[in-house]
Amino acid sequence: MTRVHQLSGAAGSTTLDATYAAYYASIAQADESRDGTVRHRLRPEVGDGTIEVTSLRSGFHIVRYDVAFAGGHQVGYTFPGDHFELEHCVDGRMHIRDANAGAGDLRARSVSLSPRHATEGVVAHSDGERYRAVSITGSWNGLDSYLGGLGAGALPVIGPEKVARERYLGRSAALRPVAGPLEEIFLHRRSSPGRLLFMESRLVAALAALIDGLTATTPPADVRHRALDDHEVAALRRVPELLWRERHAPPTLADLARASSMSVRRLATGFRALYGTSVMEYHRRRCLDRAAALLVETDWPVARIGHEVGYGSPSNFGYAFRRDRGTTPARFRRAHS
């Protein structure tokens with residue numbers, strides 16, 4: 001039976017600090033770097049990978065996960081309403097089961113935002129499945145202090161329970177713009193005097209995107225874009241994996257529609273409503289994000305990485321990467337190594 005670890009308490013409290021310390025000590029060995037980041041390396045019997053924690057001002061922390069747990073892993077949590085957590089899944093999957101929000105999976109390119117009420121539940125990782133993510137933790141009240149009055153007051157205080165639940169389970173398209181700056185934090189591995197300042201700048205960019213996303217005016221719903229049924233949501237959530245599995249010969253929208261038992265129009269509009277972007281743009285972004293991670297994490301040749309993420313030729317990959325990131329794959333690797 002998989003052990004369930006427990007985390008509880010308010011941000012900055014001795015209770016929460018103690019539960020985190022006990023959790024990390026039970027699963028990993030800690031190494032502290034000169035820049036204040038604590039790197040928790042999983043014990044071999046627990047799994048493979050690291051959890052890196054960087055302390056910031058006003059009780060905030062940046063946590064980077066790159067882990068694969070042996071035999072699965074579960075963490076229970078009980079947090080008060082002031083607990084703030086913004087998490088972006090770069091790759092992999094984590095299952096969330098919350099007493100109020102229900103259950104769902106945080107998947108690649110998903111962003112989760114904690115609600116402004118107490119939460120209690122369990123997050124779970126499957127046996128051997130790699131999970132890469134970056135999380136910002138702190139308190140809602142601490143945002144004003146952290147940002148120094150630069151806009152935290154613009155964040156909505158309350159919202160419909162259904163909307164808060166969708167945000168928490170990573171299903172809100174309004175949170176998609178937050179993924180970019182948070183992913184830059186995840187990928188940045190360069191050791192330099194400006195490293196912490198760079199990470200904080202990306203955090204502020206993520207919070208700006210969060211404020212803009214949550215305060216944007218939602219256009220009136222078109223009758224043609226009626227609410228998605230549960231079976232349609234389930235079918236649409238399979239589309240990214242179908243595309244990734246067949247990335248060397250991607251199926252067309254018509255192929256995906258047939259596999260999903262939907263019309264092409266319904267697939268396209270439903271996918272955009274669910275993910276905030278088009279089917280092919282989502283897939284393109286996923287491939288290039290994976291390529292960026294491989295450039296940082298491996299010494300594979302650029303051509304191999306391009307093929308791994310589905311590009312037929314090194315030149316096509318180089319063009320697409322440069323257009324997306326503003327630099328070549330080789331220069332990106334040097335800048336983040």
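Predicted model: local features only at pLDDT ≥ 70, side-chain atom pairs only at ≥ 80, totals over all residues.
Reader: Okay. Is Asp91 buried or exposed?
Author: Asp91 counts as buried, because its relative accessibility is 18% and the cut-off for buried is under 20%.

Reader: So what is Asp91 in contact with, leaving aside its neighbours within four places in sequence?
Author: With those neighbours set aside, Asp91 is in contact with Ala108, Arg130, Tyr131, Arg132, Arg286 and Arg290.

Reader: What about Arg195, where does that one lie?
Author: Arg195 is in helix H5, residues 195-215. Arg195 is buried too, with a relative accessible area of 4%.

Reader: And which residues is Arg195 in contact with?
Author: Skipping neighbours within four places in sequence, the list for Arg195 is Asp35, Thr37, Glu52, Arg64, His188 and Arg190.

Reader: Let's zoom out. How many helices and strands does the protein chain have?
Author: Twelve helices and twelve strands.

Reader: How does its radius of gyration fit with a compact globule?
Author: The two agree: a compact globule of 337 residues would have a radius of gyration near 20 Å, and the protein chain has 20 Å. As for the box filled by the C-alpha atoms, it is roughly 55 × 50 × 45 Å along the principal axes.

Reader: How much of the chain is buried?
Author: Buried residues account for 47% of the 337.

Reader: What share of the contacts links residues 24 or more positions apart?
Author: Among contacts with a separation of 6 or more, 67% are between residues 24 or more positions apart.

Reader: And the charges, how far apart are their mean positions?
Author: The mean positions of the 44 positive and 37 negative charges are 6 Å apart.

Reader: Back to strands. Why is S6 described as largely enclosed?
Author: Strand S6 runs over residues 73-79, and five of its seven residues are buried, so the rest of the structure largely encloses it.

Reader: Which strands pair with S6?
Author: Strand S1 (residues 4-8) pairs with S6 in the parallel sense over five bridges, with Leu7 standing opposite Tyr77. Strand S11 (residues 119-125) pairs with S6 in the antiparallel sense over seven bridges. In that pairing, Val75 has Val123 as its bridge partner.

Reader: How many residues lie between S8 and S9 in their hairpin?
Author: Three residues lie between S8 and S9. The strands, residues 93-98 and 102-107, run antiparallel and are joined by six bridges.

Reader: New topic: what's the phi of Ser58?
Author: Ser58 has a positive phi of about 60 degrees, although it isn't a glycine. For context, most residues other than glycine have a negative phi.

Reader: Where is Ser58 found?
Author: Ser58 is in the loop between strand S4 (47-55) and strand S5 (61-69). Its relative accessible area is 33%, so Ser58 is partly exposed.

Reader: And what about Ser261?
Author: Ser261 also isn't a glycine, and its phi is positive at about 55 degrees. Its place is the loop between helix H7 (253-260) and helix H8 (264-275).

Reader: Is Ser261 buried or exposed?
Author: Exposed, because Ser261 has 69% relative accessibility and the cut-off for exposed is over 50%.

Notes
Residues numbered from 1 in each chain as written. Heavy atoms only, no water. Helix = DSSP H or I, 4+ residues; strand = E, 2+ residues; numbered from the N terminus. Rg over C-alpha atoms; globule rule 2.2 N^0.38 Å. Buried < 20%, exposed > 50% of the residue type's maximum accessible area, 1.4 Å probe, protein only. Contact = heavy atoms within 4.5 Å. Lys, Arg positive; Asp, Glu negative; His and termini not counted. Charge placed at Lys NZ, Arg CZ, Asp CG, Glu CD. Pairing = 2+ DSSP bridges.
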